[in-house]
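Here are a few notes to read alongside the model. Have the picture open and follow the points in order.

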Amino acid sequence: MYRARTVLTNLVPLASLIPRAAPDRFASWILKSDHILCSITGTDIRHYSSSVATEPFLNGSSSAYVEEMYNAWLADPKSVHVSWDSFFRNSTAGAAPGQAYQAPPSLAEPGRNQLPITSLAPLLGAAGAPALGGQVNEKVIDDHLAVQAIIRSYQARGHLVSELDPLGIMYADLHSTFSDREGKPHEIVIRGHHIAKLDPLGISSADLDDKHPPELLYSHYSFEEGDMDRVFKLPSTTFIGGKEKALSLREILSRLENAYCRHIGVEFMFINSLEQCNWIRQKLETPGVMEISSEEKRLILARLTRATGFEAFLARKWSSEKRFGLEGCEILIPAMKAVIDKSTELGVESIVMGMPHRGRLNVLANVCRKPLEQIFTQFAALEAADDGSGDVKYHLGTYIERLNRVTNKNIRLAVVANPSHLEAVDPIVQGKTRAEQFYRGDGEGKKVMSLLLHGDAAFCGQGIVYETFHLSDLPDYTTHGTIHIVVNNQIGFTTDPRHSRSSPYCTDVARVVNAPIFHVNSDDPEAVMHVCKIAAEWRATFHKDVVIDIVSYRRNGHNEIDEPMFTQPLMYRKIKTTPHVLDKYSKRLIEEGVVTTEEVKDVRDKYEKICEESYLNARKETHIKYKDWLDSPWSGFFEGKDPLKVSPTGVKEDTLVHIGKRMSSPPPNAAEFVIHKGIERILRSRMEMVESRTVDWALGEGMAFGSLLKEGIHVRLSGQDVERGTFSHRHHVLHHQLVDKATYRPLCHLYPDQGPYTVCNSSLSEFGVLGFELGYSMTNPNALVCWEAQFGDFNNTAQCIIDQFISSGQAKWVRQSGLVMLNPHGLEGMGPEHSSARLERFLQMSSDDPDYFPPESEEFAVRQLHDINWIVANCSTPANYFHILRRQIALPFRKPLILMTPKSLLRHPEAKSSFDEMTENTQFLRVIPDQGPASQNPSSVKKLLFCTGKVYYDLRKAREERKLEGDIAISRVEQISPFPYDLIKKECAKYSNASLAWAQEEAKNQGSWTYVQPRFHTALSGSRDVSYVGRPTAASPATGSKMQHLKELNALLDDALSL
Ligand SMILES: Cc1ncc(C[n+]2csc(CCOP(=O)(O)OP(=O)(O)O)c2C)c(N)n1
Ligand SMILES: [Mg+2]
């Protein structure tokens, strides 16, 4: 009773509204909140409110509760108790004050879990006996309302008083702001934890025990001790009764306590779906729902033994090695296994996992069952047997296919390799999962799922978590529900939650997608397993995200060599005296008679022996193999391929014509499908281009995509507004002007047996979406996955994906990706923000050696591509863009492609290509040499200008205006990195009398200059100088003044063309 009082006083906002308080409360709700009614019903509420406002029965009722009831009644009169039904009917019909309530008709069938109030009369005693005429007295109704409010309060806020913390030091006041916590505690601010005596250290704000006299409950609820044995009917929103429809107040409170305030605290009442709320209630409230068999208990114990034994073994053998052990949250391992067991039982065949450092080795060993030998060799300083830089052991990925012994089904488990950057792997896991679902035809996510692990500090601190959650329900990005597990050790490195978050829980970010959140005390293994099972079932049932927050602690410092007492002395004093969960659980099971002391010891010894044997085997190894740690094997892709042979990228003219025509035609049902007049014009001009055998940028791109689709390749283009194209040039989705959601995607209708084409506008995220597409590209090498930045400069909000994964992923993790990044780039006088995709940064990260000219041979170009980390290019023609996209698939390996793409060239009359540059026997040109008069008479050429991208058209025009076509040659470097040493050397040799210059529109410290300068030197063995032409160094990428821009451009052209 005392506990119930606490819950209610602390948690029930409705409490104060029941009986005697605020007599006009209900009336004011009705009168003042008409927007609520209007938004729901659109009916004239004045008629309704005038009668109920004076309804005496309503005095002091809870606004929220009645509002909910009323809304439910509006939606479906049968969904509320018949007494409410009759009340709302009468009051809306204008019943006089006091007359609105009527006893329900006695013949009415009570619904599930419902009893007519009159039927409770015998249980209610004289106080509740129906008055003459079938009227039930007010107190009975008020008391029932109070009970319903209590039930609801437990469901909504019981988590606030649940016993989640194995240490009992969880002093983050869940109600309060930080300043509240700093000051003197206030009754409302204090969470139930204090009352629940969870804080043996005495470092929490206060213990309010003696400040809450038991009378509080009575004053709030009008109940007295004698009411505890009164029987109340249970509403349909609770399952605590099991088969019983009414229970005593004492029993109701006790069952609610058990369901919501023990070691599981669940947040779910914010979910908008009644069905989903009821589902969770049922999973938690049904009597006996937590009971498990002895067999299951023994399994938990065995798994916990392994998890604990593994960390202990590593600690013993490599005591000073960093491994970010799991000690304190070993329950994670049985928890993940429970999720996997349940999910496989429900049909999942493949699980893609992402996780941070903490406990990673244990997950690999005991969840994935990666051979212990391979893990142990990572601790030895062995040489690598393969290429690459490798990575530290707690970042490596793995991929395993094995039999799940519990379900007897085969399962594939992948842990995606990740960098130190916490949470950055989240979108990658989602992309990889989505791709696997796509290629398996698993449209509902029944076979493939993602499992993401988080640390408490990172989960609430890193914005990428939010971006990833927002992908969870988007049509082309959903993975149909992710199970998130937070290893909440109540600390992040040396910072505790009071200083690392402003939200009550570290999991609050998940509320934005209506994910239920299960907080659970790590020292209650059965409670942890229970929520894991519920989470797996939730995902299988609703295909939505769910969070398990395992409240635990970190037994050691941040890593094994850190001293935690420097910064968390009280916490660690407590931790030192806290027994291991394995010991606690073993003791419990021995007491219950489930296992014997000998059996416990036996299981421990057996695992110890396994570790020892593997340790001895590992010592025999002489090399480590990075390939053992690959997270995305592409079986069959590399086998039997010449690693240096590129397939042709030119295509038959017929193919170009066919695709071009399809891309220029309205939908086949054009008569009914009304397209925009502007689109009609665009289609017409496309058709004209096809007829004249030319393409512009958009058509060239469409033909690259279309020709790959023809070959059965999946093409996916994702990014902000990519369907139309930021610059309104693409139009890959046509919209019916009169019918919502009626669209037509020409590239999906090219050939009957073509590959699938996905083009999807993304959420407004770069970090999340670029990461997602990278993950997508890891699954299937035979897919062209492209991400387009709205403007190139926005890619810097995804810098972590670029630095940590795209540029270095293969070197660190043997993982290839053919992802294409399209970055609109170029100075067009539009100010500093939309001008630069920061080409210099990509080039600076290119791994080719500026001082090394590789041996010239037939295979020069492909070998360079093979050896580099990525390709950086800035194409100046649609044909070259067409070829370089196709080359991504034609290569016998995969490399990320970083493309600077144009803006003004999209409509530039000269930026067009002929079919002749795209048909068979044509290919991507790394350098486009001058083809004008200068090239006819090279020895008389005075200057050879090199440039890349759109500035070529400015230079060419200025050269023409100045009639310098015979004096100045202009060569375009289309593939900047790897640097085309061979072709540059050839070009320079051709113009042997010319001075050499590199012209760029970017500032000197930006663009390509710093990359190309030393490479020109290498290409020419230092025999000739190459001068710089362009803007001076600058901090900002471009001027904000149009006039200044033109001035700078003219200066650049003058400089470039001066002889
Ligand atoms: C993006 C990022 N910033 C900072 C760090 C440095 N760092 C490594 S672990 C850690 C604390 C993480 O705390 P938490 O997420 O609670 O995980 P725990 O180590 O407690 O398991 C920090 C700040 C990092 N790895 N990544
Ligand atoms: Mg932590």
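1. Is Asn489 buried or exposed? Asn489 has 6% relative accessibility, so it counts as buried (buried means under 20% relative accessible area, exposed over 50%, partly exposed in between, with a 1.4 Å probe and protein chains only).

2. A quick word on what you're looking at: this is a predicted model, where local features need pLDDT of at least 70 and side-chain atom pairs count only at pLDDT 80 or more, while totals for chains, interfaces and linings use all residues. Residues are numbered from 1 along each chain as its sequence is written, chains are lettered from A and ligands numbered from 1 in the order in which they are written, and side-chain values use heavy atoms, with hydrogens and water left out.

3. Back to Asn489: through OD1 it is one of the protein donors of the magnesium ion (ligand 2), along with Asp456 (OD) and Ile491 (O), lying 2.0 Å from the ion. Donors here are N, O and S atoms within 2.8 Å of the metal (3.2 Å for Na, K and Ca); water is not among the atoms, so sites may look incomplete. Along the chain the donors follow the spacing D-x32-N-x1-I. Ile491 is buried too, at a relative accessible area of 4%.

4. Now find Gly325, in the loop between helix 14 (294-317) and helix 15. (Helices are DSSP runs of H or I with at least four residues, strands are runs of E with at least two, and both are numbered from the N terminus.) Gly325 is buried, with a relative accessible area of 5%. Setting aside neighbours within four places in sequence, Gly325 is in contact (heavy atoms within 4.5 Å) with Glu311, Arg358, Gly359 and Glu560.

5. Helix 15 itself covers residues 332-345, and its 14 residues reach 20 Å from first C-alpha to last, close to the 20 Å expected at 1.5 Å a residue (that is, 1.5 Å times one less than the number of residues). Of those 14 residues, 13 are buried, so helix 15 is largely enclosed by the rest of the structure. Just after helix 15, Gly347 takes a positive phi of about 115 degrees.

6. Finally, look for the open sheet of five strands, with order 23-25-24-27-28 and mixed pairing. Strand 23 (927-928) and strand 28 (1026-1031) stand at the edges with a single partner strand each, so one side of each has no neighbour in the sheet. Strand 24 (residues 943-947) and strand 25 (residues 968-973) pair in the parallel sense over five bridges; pairing needs at least two DSSP bridges between two strands. Lys943 stands opposite Ile968 in strand 25.
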